[in-house]
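Here is a walk through one protein model, written for someone who would rather look at it than read tables. Have the viewer open as you go.

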Amino acid sequence: MTYTILVADPTHRIVGVAAATGGHAVGAVVPALDPSAGAVASQAWVNPALRHAMLDALRDGKDAESAIVRALETDGAPERRQVGAIRFDGRYAAHTGAECTAWAGERRGRQFIVLGNYLAGPEVLDAVAAAMEAASRTPGDDASGERWLDASGELVRHVTPGPVVSLASTLMMALEAGQAAGGDARGSMSASLAMCRQAPVGMFPPDLDIDLRVDSDPDPVGRLRVILDEHLYERRAN
């Protein structure tokens, strides 16, 4: 019913999660982030409590694989769950149970993982993963950033975005690619995007750099794009 991206920028110690689904309020039940631990997601026949168990394990110093194993040991139906976890160092792990609703699967890349279930087909995750790979750029790449031109077309200003903005833009493009490839088999209803930088201690509520959600919308991914663009514009203005 959902496709989700978990990603890390180890250089700047940032993690992010973006998701879209045919159900309500994906941002409230699928992702969870802790600046002292990392980011996790729980979906398919969703058990939101698994998010807390995974974050607890990450806070205890467990790696992502161990965090998932420990969380699923508390669950009575692990084969119906799809979960993922990523640390600030970019190391991640995931579990897709054999009883998740088809089509279900994963795509793994450098410092990111894409999870999906009840999708139009594997092409959805293929498109998301391809967008993540294509959007990645090497530091100092002059093609990145925002370019202002004068009326004659001459470059008058070139601003390279900060790491939070860059990663948020990458996640948004990846969500859009998944939607264009078919997305949730039922159509989409909600979408979310959240990011945080690493902090030495946990906080409640967590201090997130970005936490945007769209619920009960006929085009949640499109609406999330509008809200993200407005949010990033406000960040630059301030």
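This is a predicted model: local features need pLDDT of at least 70, side-chain atom pairs count only at pLDDT 80 or more; totals for chains, interfaces and linings use all residues.

## Ground rules

Residues are numbered from 1 along each chain as its sequence is written, and side-chain values use heavy atoms, with hydrogens and water left out.

## The chain as a whole

The protein chain has six helices and 12 strands. Both kinds of element are DSSP runs numbered from the N terminus: H or I over at least four residues for helices, E over at least two for strands. Of its 238 residues, 46% count as buried. Buried here means under 20% relative accessible area, exposed means over 50%, and partly exposed is in between (1.4 Å probe, protein chains only).

The chain exposes about 10,900 Å², with carbon and sulfur atoms supplying 51% of that; the areas come from the Shrake-Rupley method with a 1.4 Å probe, and for residues only the protein chains shown count as cover. Among contacts between residues at least 6 apart in sequence, 56% join residues at least 24 apart. A contact is a case of heavy atoms within 4.5 Å.

## A run of antiparallel strands

Start at strand β3 (residues 31-34), which runs antiparallel to β4 and is joined to it by four bridges. Strands count as paired if DSSP finds at least two bridges between them. The two make a hairpin with three residues between them, and Asp34 sits opposite Gly38 in β4. On its other pairing, β4 meets strand β5 (residues 81-86), again in the antiparallel sense, over six bridges.

From β5 the pairing carries on to β6, antiparallel and with five bridges. Ile86 has Tyr92 in β6 as its bridge partner. The β5-β6 hairpin has five residues between the strands, and Gly90 takes a positive phi near 90° there.

## Helices α2 and α3

In α2 (49-59), the buried residues are Leu50, Arg51, Ala53, Met54, Leu55, Ala57 and Leu58. Their cover includes α1 (26-29), β3, β4, α3 and β5. After α2 comes Gly61, with a positive phi near 95°.

Helix α3 (residues 64-72) buries Ala64, Ala67, Ile68, Ala71 and Leu72. Seen down the axis of α3, these buried residues fall within an arc of 125°, so they line one face of the helix; the arc is that of the directions from the helix axis to the C-beta atoms. An α-helix has 3.6 residues a turn, so residues three or four places apart point the same way. The buried residues of α3 pack against α2, β5 and β6 (92-96). At the N-terminal end, Asp63 caps α3, with a side-chain oxygen 3.3 Å from the backbone nitrogen of Glu65.

## Single residues worth a click

Thr170 lies in helix α5 (residues 163-180) and is buried at 11% relative accessibility. Setting aside residues up to four places away in sequence, Thr170 touches Met132 and Ala135. Arg235, in helix α6 (residues 220-237), is partly exposed at 31% relative accessibility. Beyond its neighbours within four places in sequence, Arg235 is in contact with Val164, Val165, Asp209 and Ile210. Arg235 and Val165 are 70 residues apart along the chain, and their C-alpha atoms are separated by 9.1 Å.

What about the cysteines? Cys100 is buried, with a relative accessible area of 10%, and Cys196 is buried at 0%. The structure holds zero disulfides, a disulfide being a pair of cysteine sulfur atoms within 2.5 Å.

Methods. A polar contact is a pair of N or O atoms within 3.5 Å; within protein, one must be able to donate a hydrogen and the other to accept it, and residues adjacent in sequence count only if both atoms are side-chain atoms.
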